[in-house]
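Here is a short briefing on one protein chain. Keep the sequence and the 3D view open as you read.

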Amino acid sequence: MGNWHRTFSMLMLLFLFFSFLFTSCYHKKEPSSFRLPDSLQEVQISRSLCAKGDTIEHSVATAPHKWAQSDGVLLDTFSFRLKHHYTQGFNFIVRADSLTLIRQEPEEAVNQMEVDSFFVAQGKSIAVANIRIMPNDSIDSVWVQIVTEDLRFGWTREHRLLEKVDPANPISQFISMFSDTHLLLFLIVIALISVTYLMRKIMKQNAKIVHLNDINSFYPMLLAIIVAMAATFYATIQLFAPEMWREFYFHPSLNPFLQPRLLNAFLLLVWAMVIVGLAAVDEVRRLLQSGDALLYLCGLAAVCAVNYIVFSILTLYYIGYGLLIVYVFYAIRQWRKRNTDAYECGKCNARLKRKGRCPHCGAMNE
């Protein structure tokens with residue numbers, strides 16, 4: 001048992017090292033060179049907008065809506081909406097410590113004239129009042145006019161705006177929070193501590209844990225697999241269809257049937273995770289006493305957290321796909337192995353294929 005614990009501790013330390021290594025460059029990973037073409041992604045997003053009855057789509061169909069650029073050229077608002085995923089009237093929440101806006105027109109800032117600026121504090125709501133295209137700006141040709149809660153107007157470049165704000169809806173803010181590198185590092189540390197502690201406690205008490213000493217239920221194992229698959233799909237969308245994920249980030253929906261196919265599959269997995277999770281909790285409460293049930297559910301949560309971290313990060317480097325196949329095969333094999341045993345030892349609760357002497361504790365079972 002001592003050797004086993006040392007081996008397990010070494011594996012946890014290696015996992016921690018590589019998790020920190022991969023997570024540190026999580027947001028620096030470039031989309032795959034094999035990703036879906038932007039034109040194909042835009043077609044799918046456009047179809048999704050038509051299916052949802054997007055107001056921009058209807059306004060373009062009835063009376064084409066145009067913006068004037070600084071040089072007098074008209075800009076198609078629907079085309080801008082497809083490529084940038086927001087338009088006039090879109091609401092944001094300031095996520096950074098502050099957002100700097102200038103009071104003058106963009107031409108003055110581009111020509112390096114003296115301008116006045118003001119700050120919008122963290123947590124404040126803002127809205128897009130106007131959008132200008134500045135072709136002679138070498139830094140960012142898109143300028144966005146913002147209106148604040150106290151009706152102050154100011155301009156900023158698009159990339160500076162998007163670095164410091166989140167869309168003003170709970171789902172987008174939840175996505176932003178779980179994509180934060182610092183939170184991922186925190187989850188890695190907490191997951192490792194939890195798994196290490198629970199594994200030591202479970203092995204000493206011969207308690208139940210998913211995959212290793214599981215209960216006679218299919219749902220916990222299925223939940224762990226679904227979490228791994230959802231994390232893999234999450235990373236896959238970011239890797240191969242980043243514009244599709246940006247569209248979902250700006251305009252999230254929990255209805256999987258109004259989304260492009262990749263997002264459809266991801267949302268179906270999310271709903272399956274919720275439903276199977278409730279079924280797993282109900283099964284654990286039915287099969288285990290309160291103390292054992294709580295310990296088992298903590299272990300199940302830790303395994304799911306590790307699955308989310310491992311598969312969402314490693315899939316960005318294509319390792320997650322092969323690992324997912326191996327993991328699913330291992331999980332189903334372990335479950336079948338446990339549940340083909342018809343008997344249980346009366347002393348140590350180990351599963352037995354037949355009555356007689358227990359190979360684990362030596363007790364005789366009649």
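Ring pairs link Phe-80, Tyr-86, Phe-90, Phe-92, Tyr-249 and Phe-250 into a cluster. Rings of Phe, Tyr and Trp (its six-membered ring) pair if their centres lie within 6.5 Å; planes under 30 degrees apart count as stacked, over 60 as edge-to-face and the rest as tilted. This is a predicted model: local features need pLDDT of at least 70, side-chain atom pairs count only at pLDDT 80 or more, and totals for chains, interfaces and linings use all residues. Residues are numbered from 1 along each chain as its sequence is written, and side-chain values use heavy atoms, with hydrogens and water left out.

**The chain as a whole**

- The protein chain has 13 helices and 13 strands. Helices (H or I, at least four residues) and strands (E, at least two) are DSSP runs, numbered from the N terminus.
- Of the 366 residues in the protein chain, 45% are buried. Buried means under 20% relative accessible area, exposed over 50%, and partly exposed in between (1.4 Å probe, protein chains only).
- Take the contacts in the protein chain between residues at least 6 apart in sequence: 64% of them join residues at least 24 apart. Contact means heavy atoms within 4.5 Å.
- The protein chain exposes about 19,600 Å², and carbon and sulfur atoms supply 61% of it. Accessible areas come from the Shrake-Rupley method with a 1.4 Å probe; for residues, only the protein chains shown count as cover.

**Aromatic pairs**

- A pair of aromatic rings is described by the distance of the centres and the angle of the planes.
- The count comes to 15 aromatic pairs.
- Tyr-86 and Phe-250 are stacked, because their ring centres are 6.2 Å apart and their planes are at 20°.
- This pair links distant parts of the chain. Tyr-86 is in the loop between H4 and strand E3 (91–94), Phe-250 is in helix H10, and 164 residues separate them.
- Both Tyr-86 and Phe-250 are buried.
- Trp-245 and Phe-248 form a tilted pair, 5.4 Å centre to centre with 40° between the planes.
- Trp-245 and Phe-248 are separated by about one helical turn, because they are 3 residues apart in helix H10.
- Trp-245 counts as buried at 8% relative accessibility. Phe-248 is buried too, with a relative accessible area of 4%.

- Helix H4 (residues 77–84) is mostly covered, with 6 of its 8 residues buried. They are Thr-77, Phe-78, Phe-80, Arg-81, Leu-82 and His-84.
- His-85 follows H4 and has a positive phi, near 75°.
- Glu-158 lies in helix H6 (residues 158–164).
- Glu-158 touches Phe-80, His-84, Tyr-86, Asp-140, Val-142 and Val-144, not counting residues up to four places away in sequence.

**Salt bridges**

- Side chains of opposite charge can pair when their charged atoms come close. A salt bridge is a side-chain nitrogen of Lys or Arg within 4 Å of a carboxyl oxygen of Asp or Glu.
- The structure holds 9 salt bridges.
- Arg-95 bridges to Asp-166, with the closest N and O atoms 2.7 Å apart. Arg-95 lies in the loop between E3 and strand E4 (98–102) and Asp-166 in strand E9 (residues 165–167), so the pair ties together parts 71 residues apart in sequence.
- Arg-95 is partly exposed at 35% relative accessibility, whereas Asp-166 is buried at 6%.
- Glu-107 forms a salt bridge with Arg-132, the closest N and O atoms being 2.1 Å apart. Glu-107 is in helix H5 and Arg-132 in strand E6, 25 residues apart.
- Salt bridges that share partners join Glu-105, Glu-107 and Arg-132 into one network.

**A nonpolar surface patch**

- Leu-254, Trp-271, Val-274, Ile-275 and Leu-278 make a nonpolar surface patch of about 520 Å². Patches are made of residues with over 30% relative accessible area and no salt bridge: like charges are joined within 9 Å, nonpolar side chains (Val, Leu, Ile, Met, Phe, Trp, Tyr) within 5 Å.
- Leu-254 sits in the loop between helix H10 (242–250) and helix H11 (261–287).
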